[in-house]
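Good morning, colleagues. I should like to take a few minutes to walk through one structure with you. Please look at the display as we begin.

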Amino acid sequence: MSDDEFSLEGGLFEEPEGFSKPPPAPHFADYERKTSPASNIHLRLVGSSPLWGHLLWNAGIFTADFLDKNAKSLLRGKKVLELGAAAALPSVICAVNEVKEIVSTDYPDPDLISNIRYNFEHCEGINSPYRVQGYIWGDDIAPLISAEHEGKDVREEDKFDLIILSDLVFNHTEHQKLLTTCRRSLKADGRCLVVFSPHRPWLLEADLGFFETCKEFDFEPEKIDLVTWKPMFPEEDESTADVRSRVYSFWLNPVWE
C-alpha cells in the first residue's frame with residue numbers, strides 16, 4: 001500500500017462496543033401567563049420523545065391560557081385530570097389556581113413522567129395538591145382516583161370535575177380507549193376540555209371524527225373556539241399552513257345521569 005492510501009479494515013470508524021450516542025439533553029421553554037401582573041412558568045422539556053413530549057405545542061398554550069383566564073369557574077376547588085400531559089403546562093396552571101387536586105398523567109415512560117414531576121417541583125406558586133403518574137388510556141381508572149383505590153369501586157363523588165385532553169386526537173387508533181377513560185372517570189356534571197391542532201392536514205377529517213365517536217360514549221361535543229396561530233412547523237408545505245395553524249377547542253358534555 002502506498003503512503004497516500006488508507007484502509008478501512010480493522011474498524012477504524014466503528015463505534016466501540018457498548019458505545020451509543022447520548023440522547024439529546026432536556027431543554028427549556030418559557031410560558032408567559034396573561035394574568036395581571038404577568039408571570040412566567042419555566043418548563044423543562046425532554047430532549048426527544050417518540051411521544052412528542054419534547055415540544056411545547058400551540059394546543060397546550062391555548063389550553064393554559066383558557067384555563068388561567070377562567071380559573072375561578074373552571075378550576076378553583078375542582079378535581080382535575082390531564083391525560084397525555086407531555087410537559088404538563090395545563091396541569092401546572094391548574095396547580096397554581098387552587099384546584100382541589102390535579103392528577104397529571106402520560107404514557108408510563110420514565111423520562112416523560114420524571115420530567116412532569118420536575119416541572120411541578122420547580123414551579124413557583126403551586127398551591128394545590130398534585131399527583132403525577134403513568135397511565136395507559138382505557139386501563140382501570142381506580143389508580144387515577146387515588147393510590148388506595150386500586151381494585152376498588154369508584155364512587156361518583158370520587159371522580160373528576162374536569163378532564164383535559166390537549167393535542168391528543170391525532171392518535172386516531174386510540175380514540176375509543178381515550179373516551180373509555182373519560183366516560184369512566186368524569187362526574188355526570190363534569191366536562192372534558194379538548195384542544196388540538198391538525199398537524200397532518202390530510203387527516204383533519206379523522207381528527208374531527210373524534211367528536212362523532214364521543215357520542216357513542218354519551219358525550220355531546222360543544223365547540224368553544226377556532227383560532228389561527230403561527231403553525232408549529234412553518235418550514236413545512238406552505239399550502240397546508242392555513243390548516244396547520246388552526247387551534248380547535250371543544251367541550252365534551254356528559255349526557256348521562
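D106 is buried, because its relative accessibility is 9% and the cut-off for buried is under 20%. This is a predicted model, and that should be kept in mind throughout. D106 belongs to strand β4, which covers residues 101–106.

Which residues does D106 touch, leaving aside those up to four places away in sequence? They are G84, A85, A86, L112, I113, I116, Q133, G134 and Y135. There is also a contact at 2.7 Å, in which the D106 side chain reaches the backbone nitrogen of A86.

Let us turn to A85, one of the residues touched by D106. A85 sits in the loop that runs between β3 (79–83) and α3 (89–95). Is A85 buried or exposed? With a relative accessible area of 6%, A85 is buried. Beyond four places in sequence, A85 touches S91, S104, T105, D106 and I116.

In the unreviewed UniProt entry, "binding site" covers W57, G84, A85, A86, D106, W137 and S166.

Finally, a word on confidence. The average pLDDT of the protein is 89, and 86% of the residues score at least 70. Over residues 1–13, however, pLDDT stays under 50, and the model has three contacts beyond four places in sequence for that stretch. Where pLDDT is low, predicted coordinates should not be read in detail. Thank you for your attention.

Note on methods: Residues are numbered from 1 along each chain as its sequence is written. This is a predicted model: local features need pLDDT of at least 70, side-chain atom pairs count only at pLDDT 80 or more; totals for chains, interfaces and linings use all residues. Side-chain values use heavy atoms; hydrogens and water are left out. UniProt positions are given in the numbering used here, feature names are shortened, and annotations may be inferred rather than shown by experiment. Helices (H or I, at least four residues) and strands (E, at least two) are DSSP runs, numbered from the N terminus. Buried means under 20% relative accessible area, exposed over 50%, partly exposed in between (1.4 Å probe, protein chains only). Contact means heavy atoms within 4.5 Å. A polar contact is a pair of N or O atoms within 3.5 Å; within protein, one must be able to donate a hydrogen and the other to accept it, and residues adjacent in sequence count only if both atoms are side-chain atoms. pLDDT is the predictor's confidence in each residue, from 0 to 100.
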